[in-house]
Amino acid sequence: MTPAENLPAWAALLTAVLVLLGAALTLVGAIGTLRFGSFFERVHAPTLGTSWGTGAILLASVVCFSALGSRPIVHEIMIGVFVTITTPVTLMLLARAALYRDRVEDDANVPPRTMLRRRSVNAAAPESGDEQPRG
């Protein structure tokens, strides 16, 4: 006899739905990786898919093991925290590395560095004498 046989029907159904939802979200992220053209578009879809997909699967695990009462849900909470923290950081690092590479290679699709800098307060002030700068 396995512990899964002691799982109530409502918990088994909810666990199955959450696992299927998580798998579907992860699949959508994987399809997005294949469908999008540029690297910057491709890196976005799997990060969302894995984050939400992992969240749904972790929630299914929480429901299952809470209904069984076999162990606390500390593992799922820790996994969720680590995935939530590491996925956006990894996305940012990969995007910055790709942006640097594209700028070094003089890719025409990458905006120049000067377009991304903020204008100073003096440069943003209106040139006509009608408006007064705030301050």
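Modeller: A pocket is an open set of grid points with protein on both sides within 12 Å along at least five of seven lines, and its lining residues have an atom within 4 Å of a point. Rolling a probe the size of a water molecule over the atoms shows where empty space is left. The model shown here is predicted.

Colleague: Which residues lie nearest the centre of the largest pocket?

Modeller: Ser 51, Trp 52, Gly 80, Val 83 and Thr 84 do, out of a lining of 18 residues. The elements that each give two or more residues to this lining are α3 (44–68) and α4, and α4 supplies the largest share, 10 residues. The space in the pocket comes to about 290 Å³.

Colleague: Let us turn to a single residue. Is Asp 102 buried or exposed?

Modeller: Buried means under 20% relative accessible area. Asp 102 has 8%, and therefore counts as buried. Asp 102 belongs to helix α4, which spans residues 74–104. Its side chain makes a polar contact of 3.2 Å with that of Arg 101. Beyond its neighbours within four places in sequence, Asp 102 touches Phe 40, Asp 107 and Val 110.

Colleague: What is the secondary structure of the chain as a whole?

Modeller: The chain has 6 helices and 0 strands. Of its 135 residues, 19% count as buried.

Definitions and conventions
Residues numbered from 1 in each chain as written. Predicted model: local features only at pLDDT ≥ 70, side-chain atom pairs only at ≥ 80, totals over all residues. Heavy atoms only, no water. Helix = DSSP H or I, 4+ residues; strand = E, 2+ residues; numbered from the N terminus. Buried < 20%, exposed > 50% of the residue type's maximum accessible area, 1.4 Å probe, protein only. Polar contact = N/O pair within 3.5 Å; in protein donor to acceptor, adjacent residues only side chain to side chain. Contact = heavy atoms within 4.5 Å. 1 Å grid on protein atoms, 1.4 Å probe; cavity = no way out; pocket = protein on both sides within 12 Å on 5 of 7 lines; lining within 4 Å. Points joined across faces, edges and corners; volume = space filled by probe spheres on them.
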